[in-house]
Amino acid sequence: MLDVPSPTVVGQEVELTCSFDLNGDTLYSVKWYKDDVEFYRFVPNDWPPGQFLPLSGVRVDLSKSKEQSVYIRTVTLETAGVYKCEVSTEAPVFDTVSAKKEMKVYVLPTEGPKITGRHMKYRVGDTVIVNCTSAKSKPAASLTWYINDEKVGADYDTVYSTILHDDGLEVSCLSLRFLITSDHFTNGNMRLKCEASIPRVRYTMSDEALVVSEQLQHVSGLQIRENLSKIRDTAAIVVTPVRWIYCLLSLLSLVYSLLSVRI
C-alpha cells in the first residue's frame, strides 16, 4: 500500500510510506521515483542500505528513511509530482511490484484578503461597488462575500477572476455590486466581509468593512429642526394673548383716569 500525503504545504516535512508483504520471499530492493526519475533506494545488502540520488525539489532525510518509508524535508513547489514505489525480491523469484500516487503542493497566503473600493457612508438607493483581493497562493483562494454575516446569494452581481504570477502563484479577485435598500442597514450600519479559503488544508482568513447610513443621520437632523420649529410656533401662540390682555388693561386704566378728572 502506497501513502503519499496530498496536498502538502510548502515548508513542511512529509513521510512517504510503501507498505508491502513479501510472503516469505527475501527483499532485494525498494526504489522510489518522482516523475519516473529515481531519487532513493533501499538495498539491505548494500552499505549503507539507504541511498539518496540527488533530484531537484526532493531532499531526503536519510536518518529517518527506512525500507518502507522515505522522509522528504522542506517541501517546495518542485516537490510536487507523481511518486512511485517499486519493490523487488531476491532470486529465485525476482518479483517486482509498484504503485503510483500524485503529490500536490500548496502555498498558503501570507495574509488575509483585502477589501477595496468602499465608501464610509452610503444612502438607500446608492450602488455599492467593492472588490476583494486575496494574497498570492497556490492554488488560487476561493472568495466569498457576506453582508451582515449573511452569505451573498445569486441575486447579487459578482465577478470572479484570477491572476497568474511568474513565480507560479495566483491572486484571486471577487467584485461585488448591489443596490442598497433599507434592509441592508442594522441600527444605521452595514457590515461587509470577504472570506478567503483554500479547500483540503483548512485555510480561512477574512477582511471586514463597516459602512454607515448617511440617510439615518440626515433624518435625525430633520426631526430636530422640526421640533425646534414647533417650539417657536408654540411660543408665539402663548405670547399673543398676553400682549392682548396688557393692552386691554392699559385702556381701562386710561378710561378710569378720565372719569376721575371729570368728577
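Let's start with an open sheet of four strands, which run in the order 11-13-17-16 with antiparallel pairing. At its edges stand strand 11 (114-116) and strand 16 (157-164), each of which pairs on one side only. Neighbouring strands in this sheet are turned against each other by 20 degrees on average, direction ignored.

Before going on, please note that this is a predicted model, where local features need pLDDT of at least 70, side-chain atom pairs count only at pLDDT 80 or more, and totals for chains, interfaces and linings use all residues. Residues are numbered from 1 along each chain as its sequence is written, and side-chain values use heavy atoms, with hydrogens and water left out.

Helices (H or I, at least four residues) and strands (E, at least two) are DSSP runs, numbered from the N terminus. Two strands pair if DSSP finds at least two bridges between them. Strands of a sheet pair through backbone hydrogen bonds, either parallel or antiparallel. For the angles, axes are lines fitted to C-alpha atoms, for helices over the stretch in contact, and angles run from 0 to 180 degrees between N-to-C directions.

Now look at one pairing in the sheet. Strand 16 and strand 17 (residues 170-179) are joined in the antiparallel sense over eight bridges. One example to find in your view is Ile163, whose bridge partner in strand 17 is Val171.

Val171 also turns up among the contacts of Ser134, a residue that touches Pro113, Ala141, Leu143, Val171 and Ser172, not counting residues up to four places away in sequence; contact means heavy atoms within 4.5 Å. You will find Ser134 in the loop between strand 13 (127-133) and strand 14 (142-147). Ser134 counts as buried because its relative accessibility is 6%. The cut-offs are under 20% relative accessible area for buried, over 50% for exposed, and partly exposed in between (1.4 Å probe, protein chains only). The side chains of Ser134 and Ser172 make a polar contact at 2.8 Å. A polar contact is a pair of N or O atoms within 3.5 Å; within protein, one must be able to donate a hydrogen and the other to accept it, and residues adjacent in sequence count only if both atoms are side-chain atoms.

Next comes another open sheet, this one of five strands in the order 6-5-4-8-9, again with antiparallel pairing. Its edges are strand 6 (50-52) and strand 9 (96-103); each has a single partner strand, so one side of each is left without a neighbour in the sheet. The twist from one strand to the next averages 20 degrees. Inside this sheet, strand 4 (residues 27-34) pairs with strand 8 (residues 81-89) in the antiparallel sense over seven bridges. Lys31 has Glu86 in strand 8 as its bridge partner.

The structure holds two disulfides, a disulfide being a pair of cysteine sulfur atoms within 2.5 Å. Cys18 is joined to Cys85, S to S 2.0 Å. This pair links distant parts of the chain, with Cys18 in strand 3 (residues 14-18) and Cys85 in strand 8, 67 residues apart. Both Cys18 and Cys85 are buried.

Cys132 and Cys194 also form a disulfide, with their sulfur atoms 1.9 Å apart. Because Cys132 lies in strand 13 and Cys194 in strand 18 (residues 189-198), the pair ties together parts that are 62 residues apart in sequence. Both Cys132 and Cys194 are buried. By contrast, Cys173 is in no disulfide, and the nearest cysteine sulfur, that of Cys132, is 8.3 Å away.

Let's finish with the rings. A search of the whole structure finds two aromatic pairs. Phe39 sits in strand 5 (residues 37-42) and Tyr83 in strand 8, 44 residues apart. Phe39 is buried, with a relative accessible area of 0%. Tyr156 and Phe178 also form an edge-to-face pair, 5.4 Å centre to centre with 70 degrees between the planes. Rings of Phe, Tyr and Trp (its six-membered ring) pair if their centres lie within 6.5 Å; planes under 30 degrees apart count as stacked, over 60 as edge-to-face and the rest as tilted.
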